Amino acid sequence: MAGDSRVLMDRDMEIGVTPGQVKKLPKHLREAQISTERTHLISDPVKKPRQRYVQKDGKCNVHHGNVQETYRYLSDLFTTLVDLRWRFSLLIFTLVYVVNWLFFGLLWWLIALIRGDLWHADEEGWTPCVENLNSFVSAFLFSIETETTIGYGYRVITEKCPEGIILLLIQAILGSIVNAMMVGCMFVKISQPKNRAETLMFSHKAVISVRDNKMCLMFRVGDLRNSHIVEASIRAKLIRSQQTKEGEFIPLNQTDINIGFDTGDDRLFLVSPLIISHEINEKSPFWEMTQAQIEKEEFEIVVILEGMVEATGMTCQARSSYLDTEVLWGYRFTPVLSLENGFYEVDYNSFHDIYETNTPSCSAKELAAKLREAPLLHQLSGPPVPG
């Protein structure tokens, strides 16, 4: 008995339920956990770890190799700059300004060199193109002052230099374009809604159990912030390799999983954590799968949550995935919402917790057939004969 209790405790820890949380569960749920068959306590052989298509944090585990048409990245230069890592973005940001200042500083120095201002600037009666410009360093400083409109007043262009006036106009226009592009890239990169997705949570596990006499695949989502996601919607994809009847092999084939598209349940009011349910019916890819078949299958469920950030109005997307080893048969999620004095409180310590429940190991198709037969047998048996 002591050994069985130890195994039960280990089993509870594996599924994310601590002994203290077991006590919080209703009485019938605690008894259901204690009355688990001994055969269920024997651990099945562990599957080999598989490569994820989408990581738990939402990053797609796909790398593009042998891209020949790299010019396409330059055709959308703005998006390319925004997508770069921060260290490269800051490096390019600095280089663009420095190169621009150096380029126009060189042009100002060439004008002074061609006009002879570098040798005759100190002569009386000589009007230089730019006063007090006597070296390349001073030309570089004048270029910075011109583009940033600092205007210290020590170096100033004169009206008897038409080529300098033209160059001043060109630098002012090009400088405005450079400022708009680089500052725009930095603003978009800083305000990207990717960081908002960090406060959107997905449960570590997905579960399969019976809900309203129907087999359902479920997982939980939540939002940690008080500012809500507007027009939130959720969808899911089943990723698994498939071979067609003609013998064609399709790696990582994507199949849509209906989580309420036809009923509107995929539109979420994400104020508190929600359990997203996929009814396993005739159109579901899990319709004919039993518990044993699902445990042998190799698949991945990709979940995508989208919506607009209330503060900025920008579209935000959060992703996660569940491997076949992370889909548990015969479990439900522990409630996390409780009514306090005048408000509802969410206990995020129990967000990922699940508990075992009585679930038939047959497929959803077989369960539906049994439920249809039960009322029929009851009708055929007729009313009880009085004794």
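Colleague: Is the crossing in which H6 passes H8 left-handed or right-handed?

Modeller: H6 passes H8 in a right-handed crossing. A crossing is called left-handed if the near helix is turned anticlockwise from the far one by less than a right angle, and right-handed if clockwise. Helices (H or I, at least four residues) and strands (E, at least two) are DSSP runs, numbered from the N terminus.

Please keep in mind that this is a predicted model, where local features need pLDDT of at least 70 and side-chain atom pairs count only at pLDDT 80 or more, while totals for chains, interfaces and linings use all residues. Residues are numbered from 1 along each chain as its sequence is written, and side-chain values use heavy atoms, with hydrogens and water left out.

Colleague: Thanks! At what angle do the axes of H6 and H8 cross?

Modeller: Two packed helices are described by the angle between their axes and the distance between the axes. Here the axes of helix H6 (residues 86–115) and helix H8 (residues 136–148) cross at roughly 120 degrees and come within 8 Å. That makes H6 oblique to H8. Axes are lines fitted to C-alpha atoms, for helices over the stretch in contact, and angles run from 0 to 180 degrees between N-to-C directions. Angles under 35 degrees count as roughly parallel, over 145 as roughly antiparallel, 65 to 115 as roughly perpendicular and the rest as oblique.

Colleague: Which residues in H6 and H8 meet?

Modeller: Contact means heavy atoms within 4.5 Å. Those in H6 include Tyr97, Trp101 and Trp108, and those in H8 include Phe136, Phe140 and Glu147. By class, the contact of H6 with H8 has twelve nonpolar, four polar and one charged residues. Ala, Val, Leu, Ile, Met, Phe, Trp, Tyr, Cys and Pro count as nonpolar, Asp, Glu, Lys and Arg as charged, and the others, Gly among them, as polar.

Colleague: Now the strands. With which strand does S3 pair over six bridges?

Modeller: Two strands pair if DSSP finds at least two bridges between them. S3 pairs with strand S7 (residues 274–279) over six bridges, in the antiparallel sense, and Leu217 stands opposite His278 in S7.

Colleague: How many residues of S3 are buried?

Modeller: Buried means under 20% relative accessible area, exposed over 50%, partly exposed in between (1.4 Å probe, protein chains only). In strand S3 (residues 214–223), nine of the ten residues are buried. Thr199, in the loop between helix H9 (162–190) and S1, is buried with a relative accessible area of 14%. Thr199 touches residues including Gly222 and Asp223.

Colleague: Where does a positive phi turn up in a residue other than glycine?

Modeller: Most residues other than glycine have a negative phi. Asp212 has a positive value, near 55 degrees. Asp212 sits in the turn of the hairpin formed by S2 and S3, which has two residues between the strands, and is exposed, with a relative accessible area of 70%. Asn132 also has a positive phi, near 65 degrees. Asn132 lies in the loop between helix H7 (117–120) and H8 and counts as partly exposed at 35% relative accessibility.

Note on methods:
Lists of a residue's contacts leave out its neighbours within four places in sequence.
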